[in-house]
Structure formats: C-alpha cells, structure tokens
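Visitor: I would like to go through this model with you step by step, beginning with the chain as a whole and then turning to one helix and its surroundings.

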Amino acid sequence: TNEVIEIVEFLQEKNIHVILSTYPNLITKENIKEHELLFMESLRFTVELSFDGMIDASKSADSIMFDIARIMEIGIVDCNSNIPKNTTYFADNVHLTNKGAEIVSGLLAEYLLENDQN
C-alpha cells in the first residue's frame with residue numbers, strides 16, 4: 001500500500017494526473033473447476049498460494065486500489081469486475097486476449113472522456 005501511495009505522490013509532484021485500475025484476472029471461485037488447468041499453470045508463479053489464496057490476493061489487491069483512490073481522491077477504473085471471466089478475454093489467469101484488451105481500453109477511454117479536465 002505504502003509503495004503505491006509513494007508512486008502516486010511522486011507522479012503527482014511531476015504534475016501527472018494519476019488514475020488507478022484494478023488488475024484483471026480470470027480466477028474466481030465460480031469458474032475454478034472450468035479452468036483448472038490454466039489455474040494449475042499459474043501456480044508456477046505463485047507457488048506459495050493455493051487457489052483460494054490466489055483469489056483472495058486478487059480481491060485484496062482490488063480493495064487496496066479502491067482504498068488508495070478514495071484516500072488520495074484520485075480516479076480508479078475497475079477493470080477486473082468488468083471483464084467476463086472466460087478464455088475469450090483471458091489467455092491465462094492474468095494475460096488478456098485482444099478482446100480483453102479491447103474492454104480495458106474502452107473502460108479507460110470512457111473514464112477519460114467522462115472526467116476530461118482540460
């Protein structure tokens with residue numbers, strides 16, 4: 001948390017308008033059985049976490065981003081909640097397909113257009 005706050009403060013000192021985002025990922029409690037092989041593959045990078053731990057880590061990270069945005073009064077785009085949780089949009093647990101990237105770019109563009117501060 002402190003590292004993210006420090007980075008935001010550093011950027012703001014440089015007159016950079018900061019917008020945070022949640023981090024999209026495929027894993028959910030509802031689809032874990034459907035994509036079990038993809039989840040097993042992702043464990044190579046998070047060997048210390050169980051499936052539930054991976055899900056909890058994602059939820060915690062999203063919660064932290066929302067808290068920081070609220071505390072620092074900066075914008076946030078909830079990419080994680082707005083991407084359907086299937087392989088049309090995810091190549092693996094955390095990498096988006098072109099269709100997933102289109103959704104993220106659309107969400108960011110929508111935010112920027114709605115919050116234009118010329």
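Visitor: Among contacts in the protein chain between residues at least 6 apart in sequence, what percentage join residues at least 24 apart?

Guide: Please keep in mind that this is a predicted model. A contact here means heavy atoms within 4.5 Å. Taking the contacts in the protein chain between residues at least 6 apart in sequence, the share that joins residues at least 24 apart is 61%.

Visitor: In what order do the elements of the protein chain run from the N terminus on?

Guide: The protein chain has four helices and two strands, and its C-alpha trace spans about 45 × 30 × 20 Å along the principal axes. Read from the N terminus on, the elements follow the order α-β-α-α-β-α.

Visitor: How many Å apart are the end C-alpha atoms of helix H1, and what span should its twelve residues have?

Guide: Helix H1 covers residues 2-13, and at 1.5 Å a residue its twelve residues should span 16 Å. The expected span is 1.5 Å times one less than the number of residues. The end C-alpha atoms agree with that expectation, since their separation in H1 is 16 Å.

Visitor: Is Leu11 buried, partly exposed or exposed?

Guide: Leu11 belongs to helix H1 and, leaving aside its neighbours within four places in sequence, is in contact with Ile16 and Val18. Buried would require a relative accessible area under 20%, and exposed one over 50%. With a relative accessible area of 25%, Leu11 is therefore partly exposed.

Visitor: Are H1 and H3 oblique or roughly parallel to each other?

Guide: The axes of H1 and helix H3, the latter formed by residues 51-72, come within 11 Å and cross at roughly 40°. Angles under 35 degrees count as roughly parallel, and 65 to 115 as roughly perpendicular. The relation of H1 to H3 is therefore oblique.

Visitor: How many nonpolar residues does the contact of H1 with H3 have?

Guide: On the side of H1 the contact is made by Val4, Ile5, Val8, Glu9 and Gln12, and on the side of H3 by Met65, Ile68 and Met72. Sorted by class, these comprise one charged residue and one polar residue, while the number of nonpolar residues is six.

Visitor: Which residue just after H1 takes a positive phi?

Guide: The twelve residues of H1 are residues 2-13. Just after H1, a positive phi of about 60° is taken by Asn15.

Conventions. Residues numbered from 1 in each chain as written. Predicted model: local features only at pLDDT ≥ 70, side-chain atom pairs only at ≥ 80, totals over all residues. Heavy atoms only, no water. Buried < 20%, exposed > 50% of the residue type's maximum accessible area, 1.4 Å probe, protein only. Axes fitted to C-alpha atoms, helices over the stretch in contact; angles between N-to-C directions. Parallel < 35°, antiparallel > 145°, perpendicular 65-115°, else oblique. Nonpolar A, V, L, I, M, F, W, Y, C, P; charged D, E, K, R; others polar.
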